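Good morning, and thank you for joining. I ask you to look at the sequence and the structure on the screen before I take you through them.

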Amino acid sequence: MIRIVLAEDQRMMLGALGLLLDLEEDMEVVGKASNGKEAIFLATAQKPDVCIMDIEMPEKSGLEAAEELKGSGIKVIILTTFARSGYFQRALKAGVSGYLLKDSPSEELAGSIRRIMEGRRIYAPELVDDVYGEENPLTEREKEVLGLVADGKNTKEIADQLSIKAGTVRNYISAILEKLEVTNRIEAITRFKEKGWFK
């Protein structure tokens, strides 16, 4: 019997997923969590074979929970609506066994769980294509500057924090806008978030 913990913050989705998986003869849902913190607690307490979780949840995201469960022997499957290469890259680093999209047919999920239990890794094909096709174009320093912009800091505050001149900050911001192909700071933050590149 494959023992499963589910983590999903949308109650209807959590209930439906639980019912679907419980219908499989070789699967049993042993715990349901509505946030990442609960997922870690249940996974630690129940010692399931598999923990299936959404990414964007309160308390802790599915990616943070996956990072904490790395090395626990529990196979983590991310099940999400977000086909973002940055999220996928982070999930790979966390050692997840599967990254599936919610718009896949339900029988595909059960089949993927079985294959993962056999030691395979299953990733949504469109994500694999994305990852190899799109790298984060910003340098480490540019990422740092954009992170501070996203935190609401102005040019002078960023310059002070990084011990550089305000003019240098403006140059970094121009480079960021050009590389992300956007026209202002808000669009840059939005584009960066959409790609899942914020750590």
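This is a predicted model: local features need pLDDT of at least 70, side-chain atom pairs count only at pLDDT 80 or more; totals for chains, interfaces and linings use all residues.

Just after α5 comes G119, with a positive phi of about 105°.

Let me turn to the strands. Five of the six residues of strand β1 (residues 2-7) are buried, leaving this strand mostly covered. Six bridges pair β1 with strand β2 (residues 27-33) in the parallel sense, and K32 in β2 is the bridge partner of L6. Between β1 and β2 the chain passes through helix α1 (residues 11-22), and this β-α-β crossover is right-handed. Strand β3 (residues 50-53) also runs parallel to β1, joined to it by four bridges; here V5 has C51 as its bridge partner.

Next, the core. The largest nonpolar core has 28 residues, of which M53, L69, I78 and Y99 touch the most other members. At least two residues of this core come from each of β1, β2, α2 (36-46), β3, α3 (62-69), β4 (75-80), α4 and β5 (98-101). Setting aside neighbours within four places in sequence, the contacts of I78 include M53, L63, A91 and Y99.

Which residues of helix α4 are buried? They are S85, G86, Y87, F88, Q89, R90 and A91. Because seven of the nine residues of α4 (residues 85-93) are buried, this helix is largely enclosed by the rest of the structure. After α4 comes G95, with a positive phi near 80°.

That brings me to the aromatic residues, where the count comes to two pairs. F88 and Y99 are edge-to-face, at 5.3 Å centre to centre with 80° between the planes. F88 lies in helix α4 and Y99 in strand β5, so the pair ties together parts eleven residues apart in sequence. Both partners are buried, F88 with a relative accessible area of 2% and Y99 with 0%. F88 also forms an edge-to-face pair with Y123, at 5.3 Å centre to centre and 70° between the planes. This pair links α4 to strand β6 (residues 122-123), where Y123 is 35 residues from F88. Y123 counts as partly exposed, at 23% relative accessibility. Together, F88, Y99 and Y123 form one aromatic cluster.

Definitions and conventions: Residues are numbered from 1 along each chain as its sequence is written. Side-chain values use heavy atoms; hydrogens and water are left out. Buried means under 20% relative accessible area, exposed over 50%, partly exposed in between (1.4 Å probe, protein chains only). Two strands pair if DSSP finds at least two bridges between them. A crossover is right-handed if, with the strands pointing away from the viewer, the path from the first strand over the helix to the second runs clockwise. A nonpolar core is a set of buried Ala, Val, Leu, Ile, Met, Phe, Trp, Tyr and Cys residues joined through side-chain atoms within 4.5 Å. Contact means heavy atoms within 4.5 Å. Rings of Phe, Tyr and Trp (its six-membered ring) pair if their centres lie within 6.5 Å; planes under 30 degrees apart count as stacked, over 60 as edge-to-face and the rest as tilted.
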